[in-house]
Amino acid sequence: MASPRTVTIVALSVALGLFFVFMGTIKLTPRLSKDAYNEMKRAYKSYVRALPVLKKLGINSIILRKSIGALEVVCGIVMTLVPGRPKDVANFFLLLLVLVVLFFHQLVGDPLKRYAHALVFGILLTCRLLIARKPEDRSEKRALPESTEEQPSLYEKAPQGKVKVS
């Protein structure tokens, strides 16, 4: 039977992976939701306007939106389907992306309701990464002694004699 830790990691990986595949797809194409796609286009235009350094680097709103969307889709697929260490790497990249998106939302002065989902999924990504990186508890893997008769009790280990009380 799988440990609760393993079940938690798998459930978070699949849920977060599918969410980021969905959100990345919305940034890349209007096929899922034309309204959401148009809203993403408008939001990324405001992000580039608010950060003129991006313009100087030759990054326009389309490049920014599509690169973030593609990275979300790729990392989401890795988190959903690929076992092992790559999940942690994808988790880390998605956490960085969430921080960048939160920075953009703060930069343009969006209200909390516009970026609350990013906060929640950032917290979930952090929790998943912390749980996955926590070392296994070694006490569970150790074999329990066959009988307690072989081990001396605490009373037997204690020094015998009189105790001076002052």
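## Phe20 and its neighbours

Leaving aside residues up to four places away in sequence, Phe20 touches Glu72, Val73, Gly76, Leu94, Val98, Phe121 and Leu125 (contact means heavy atoms within 4.5 Å). This is a predicted model, where local features need pLDDT of at least 70, side-chain atom pairs count only at pLDDT 80 or more, and totals for chains, interfaces and linings use all residues. Residues are numbered from 1 along each chain as its sequence is written, and side-chain values use heavy atoms, with hydrogens and water left out.

## The nonpolar core

Phe20 is also one of the residues that touch the most other members of the largest nonpolar core, along with Leu16, Tyr44, Leu64, Leu94 and Leu125. That core has 30 residues; such a core is a set of buried Ala, Val, Leu, Ile, Met, Phe, Trp, Tyr and Cys residues joined through side-chain atoms within 4.5 Å. Helices α1, α2 (34-50), α4 (61-81), α5 (85-108) and α6 (112-133) each supply at least two of its residues, and α5 gives the most, with eight.

## A buried lysine

Now to Lys27, in helix α1 (residues 4-28). Lys27 counts as buried because its relative accessibility is 5% (buried means under 20% relative accessible area, with a 1.4 Å probe and protein chains only). Beyond residues up to four places away in sequence, Lys27 touches Tyr37, Met40, Tyr44, Arg65, Ile68, Gly69 and Glu72.

## The whole protein

The protein has eight helices and zero strands (DSSP runs numbered from the N terminus: H or I of at least four residues for helices, E of at least two for strands). Of its 166 residues, 31% are buried.

Methods:
Buried means under 20% relative accessible area, exposed over 50%, partly exposed in between (1.4 Å probe, protein chains only).
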